[in-house]
Amino acid sequence: METGIPLELIAAENKKRLAALEDDYDALTRSLARRGIEIDPIKQRLKDFTVAIPSWGVGTGGTRFARFPIAGEPNGIFEKLEDCAVIQALGRNTPTVSPHFPWDHVSDPKELRDNAKALGLRFDAVNSNTFQDLPDQSRSYKFGSLTHTDKDVRALAVAHNRDCIEIGEKLGSKAITVWIADGSNFPGQQNLAGALDRYLDSMREIYAVLPGDWRLFIEHKLYEPAFYSTVVSDWGTSILCAQELGDKAQCLVDLGHHAPGVNIEQIVARLAQFGKLGGFHFNDSKYGDDDLDSGAINPHQLFLIFNELVEIEKKANGKSGLAYMLDQSHNVTDPIESLLNSAASVAAAHARALSVDRSALADYQKKNDVIMAFNTLRRAYDTDVTPLLAMVRYELGGAIDPIATYRASGWRARKAQTRKPPAPAAAGIV
Ligand code: RM4
Ligand code: MN
Ligand code: MN
């Protein structure tokens, strides 16, 4: 097991960039001060802010047409953790990993937990998977899992979720995220109300075994793989189900899981207003659930979401307990580089939202001064917060320039020597 990136290398790389960073940081400090905004409290908030890495995100992703693996990519959860440790060593805002079962199945969860600990990592929400059949599975999820018409299939899916909670407890997780692919491809295929009834019955059984300090996140998604109707398709269905289940059930917002043009920041505000916002899967998209890098397509939307989150945190005195995770598929980049960029994009949206002059904004809103309210937000969005993010990383022991430092480390080339070569990519539509 190789532990992260050597501190000496980070220090040597940082040395080349520190003077320029200090210069840029001082300029930003002065510019914010002129707007009446102190940089230090923002810096502290950013130091406390973390976003979880999805275990499945450190492997090369693919489309249903093909996957193009890269040499040195991780095989299995233990190697995936090694890559997560690299991301954390350089970026310093991703100390947790969100595992997916059965993809990350191991015979000894304690060994996995110890391994993560040795790498300076912890586990975040566990994710169940009832959208695929295991080779030796007794029943098939082809026509659904938690909502299947056959009670034996539902029982299998419930049991899997319960297993995930049990493993999660051994890993130190405090939440389970349930996303199901269930739905229908043809009008008439499924009784729409019946499917949701069955979902609720199954979820009640899962909820019943949740440990006292755990939460159950319901993740909705508009479509795919079901293309006519999806059982948990939108935030409305999600909040209704969360309300049916109880206090420990909350909604998880994956940014790619909405109809085009939907105002996601408003959904975020609504869910929080009714105590049902649990967490996020950050990614970006242009057309559907594209799972592109966070902030790559629409950084403004990410900023507006964080603008709501800063308000939500303020009302909750910083104790909202929201779970922040990335959920991306890296098809054409080195996943480590994409995840470093993405965690930084999320932090940048947060930093900009923290630099909004909130009392001025509230005042303009009250007076219906539309242009000045808009400009107050826009001013914060226009702020180049990169020196602030770099300073946060530097002060936490990370890299001023994470991607350059990662490349200088030669990590992937080294892993290509020692890790099992990737299996030949599947051909055709998969
Ligand atoms: C889904 C959803 C889930 C993720 C799977 C792999 O679209 O985003 O969160 O676990 O993909
Ligand atoms: Mn997701
Ligand atoms: Mn998704």
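Of the 430 residues in this chain, 53% count as buried. Please keep in mind as you read that this is a predicted model.

## The chain as a whole

The secondary structure amounts to 15 helices and 12 strands. The radius of gyration is 22 Å, close to the 22 Å that the globule rule gives for 430 residues, so the chain is as compact as a globular protein of that length. If you like to think in boxes, the C-alpha atoms fill one of roughly 65 × 60 × 40 Å along the principal axes.

What share of the contacts between residues at least 6 apart in sequence join residues at least 24 apart? The share is 80%.

The chain exposes about 19,700 Å², and carbon and sulfur atoms supply 53% of that area. As for charge, there are 48 positive and 56 negative charges, and their mean positions are 2 Å apart.

One sheet is open and is formed by 3 strands in the order 1-2-4, with parallel pairing. Its edges are strand 1 (53-54) and strand 4 (122-123), each of which pairs on one side only. Strand 2 (residues 96-98) runs parallel to strand 4, and 2 bridges join them. To find this pairing on your screen, look for Val97, whose bridge partner in strand 4 is Phe123.

Strand 5 (residues 126-128) pairs with strand 6 in the parallel sense over 2 bridges, and here Asn127 stands opposite Thr177 of strand 6.

Strand 6 (residues 175-178) is in turn joined to strand 8 by 4 bridges, again running parallel. In this pairing Val178 stands opposite Ile218 of strand 8. In a regular strand the side chains alternate between the two faces of the sheet. Are the two faces of strand 6 covered or open? Both are covered: Ala175 and Thr177 are buried on one side, and Ile176 and Val178 are buried on the other.

Strand 8 is mostly covered as well, with 4 of its 5 residues buried. Glu219 has Leu252 as its bridge partner in strand 10.

| Strands paired | Bridges | Residue pair |
|---|---|---|
| Strand 2 and strand 4 | 2 bridges | Val97 and Phe123 |
| Strand 5 and strand 6 | 2 bridges | Asn127 and Thr177 |
| Strand 6 and strand 8 | 4 bridges | Val178 and Ile218 |

Among the helices, helix 6 (residues 192-208) is worth a stop, as it holds Ser202. Is Ser202 buried or exposed? At 2% relative accessibility, Ser202 counts as buried, because the cut-off for that class is under 20%. Leaving aside residues up to four places away in sequence, Ser202 touches Leu146, Arg154 and Val158.

## Backbone details in the loops

Most residues other than glycine have a negative phi, and most peptide bonds are trans. A few places in this chain depart from that pattern.

Two cis peptide bonds can be pointed out. One joins Phe101 and Pro102, with omega at about 15°. Pro102 lies in the loop between strand 3 (100-101) and helix 4 (109-118). Another cis bond joins Glu224 and Pro225, where omega is about 10°. Pro225 is found in the loop that runs from strand 8 (215-219) to strand 9 (229-230).

Where are the asparagines with a positive phi, Asn317 and Asn368? Asn317, with a phi of about 50°, sits in the loop between helix 9 (299-315) and strand 12 (323-326). Its relative accessibility is 66%, so Asn317 counts as exposed. Asn368, with a phi of about 55°, belongs to the loop between helix 11 (358-366) and helix 12 (370-381). At 63% relative accessibility, Asn368 also counts as exposed, because the cut-off for that class is over 50%.

Methods:
Residues are numbered from 1 along each chain as its sequence is written. Chains are lettered from A and ligands numbered from 1 in the order in which they are written. This is a predicted model: local features need pLDDT of at least 70, side-chain atom pairs count only at pLDDT 80 or more; totals for chains, interfaces and linings use all residues. Side-chain values use heavy atoms; hydrogens and water are left out. The radius of gyration is taken over C-alpha atoms; the globule rule is 2.2 Å times the number of residues to the power 0.38. Buried means under 20% relative accessible area, exposed over 50%, partly exposed in between (1.4 Å probe, protein chains only). Contact means heavy atoms within 4.5 Å. Accessible areas come from the Shrake-Rupley method with a 1.4 Å probe; for residues, only the protein chains shown count as cover. Lys and Arg count as positive and Asp and Glu as negative; His and the chain ends are not counted. The place of a charge is taken as NZ of Lys, CZ of Arg, CG of Asp or CD of Glu. Two strands pair if DSSP finds at least two bridges between them.
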